Amino acid sequence: MSPRLLLLSLMIASLSFTAPSRANEGKMAPDAVQASPDELRKKALDDLFKRLREAPDPDAAAPVRAAIEKLWAHTGSPTANLLMARAESLLKAEMGAQAASLLDRIVQIYPDWSLAWRRRAQSALIQGDGEGAMLDLDHALTIDPRNFLVMSDLATLMSAEGRNEPALHILRRALDFDPQNEDLRKAADQLQRQVEGQRI
């Protein structure tokens with residue numbers, strides 16, 4: 001399956017979390033027919049985030065979260081997806097400088113792809129550049145303020161620098177979007193205990 005078809009199938013699957021009524025079954029809304037891929041993607045993400053916030057428990061939230069992360073991971077561009085696959089292979093091999101060179105190219109061509117900035121932050125960390133990583137994560141959040149993965153990364157970096165209160169604030173923001181995320185909840189609880197200990 002081509003990357004464009006994969007992205008479209010992800011968006012359709014995401015939108016299908018809301019089952020149509022029998023009266024509308026088999027019909028497609030006129031807006032859906034005319035919508036651009038970017039508009040469809042935004043609609044899919046908006047619907048998924050609503051469902052993520054309303055999920056009653058972690059088991060119900062998990063597939064919704066996975067659908068969001070898949071939409072974040074793919075663009076409609078085969079070139080972007082191919083370059084990112086190569087960059088991620090370099091990151092797994094801890095070849096930070098080589099990954100950074102490729103990711104510099106990706107963010108120049110696709111400046112609004114938050115995953116590219118998140119991965120470039122990872123390459124900066126491999127090279128020991130914590131400040132550069134922080135700047136890239138900040139930029140990723142300006143692109144996608146709901147990205148709880150970026151928030152988690154940023155909170156981890158802040159906590160490592162002893163900035164526990166702002167790290168806790170960011171984790172709480174992430175939990176506003178993904179309240180059933182047990183990993184975020186545990187990290188926030190741990191930071192809360194550290195912050196309370198520092199105030200004693």
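A crossing is left-handed if the near helix is turned anticlockwise from the far one by less than a right angle, and right-handed if clockwise. Helices (H or I, at least four residues) are DSSP runs, numbered from the N terminus.

## Basis of the report

This is a predicted model, in which local features need pLDDT of at least 70, side-chain atom pairs count only at pLDDT 80 or more, and totals for chains, interfaces and linings use all residues. Residues are numbered from 1 along each chain as its sequence is written, and side-chain values use heavy atoms, with hydrogens and water left out.

## Helices H5 and H7

Helix H5 (residues 78–92) and helix H7 (residues 114–126) have axes that come within 11 Å and cross at roughly 25°. Axes are lines fitted to C-alpha atoms, for helices over the stretch in contact, and angles run from 0 to 180 degrees between N-to-C directions. H5 is therefore roughly parallel to H7 (under 35 degrees counts as roughly parallel, over 145 as roughly antiparallel). The crossing of H5 past H7 is left-handed.

Contact means heavy atoms within 4.5 Å. From H5, Met84, Glu88 and Leu91 meet Leu115, Ala116, Arg119, Gln122, Ser123 and Ile126 in H7. This contact of H5 with H7 has five nonpolar, two polar and two charged residues. Here Ala, Val, Leu, Ile, Met, Phe, Trp, Tyr, Cys and Pro count as nonpolar, Asp, Glu, Lys and Arg as charged, and the others, Gly among them, as polar.

## Helices H5 and H6

H5 also packs with helix H6 (residues 96–109), at an angle of about 155° and with the axes 8 Å apart. The two helices, H5 and H6, are therefore roughly antiparallel to each other. H5 passes H6 in a left-handed crossing.

Residues of H5 that meet H6 include Leu83, Ala87 and Leu90. Among their partners in H6 are Leu102, Leu103 and Ile106. By class, the contact of H5 with H6 has nine nonpolar, one polar and two charged residues.

## Helices H7 and H8

H7 packs with helix H8 (residues 130–143) at an angle of about 170°, and their axes are 8 Å apart. H7 is therefore roughly antiparallel to H8.

On the H7 side, the contact includes Trp117, Ala121 and Leu125. On the H8 side, it includes Ala133, Leu137 and Ile143. The contact of H7 with H8 has eight nonpolar, four polar and three charged residues.

How values were computed
Parallel < 35°, antiparallel > 145°, perpendicular 65-115°, else oblique.
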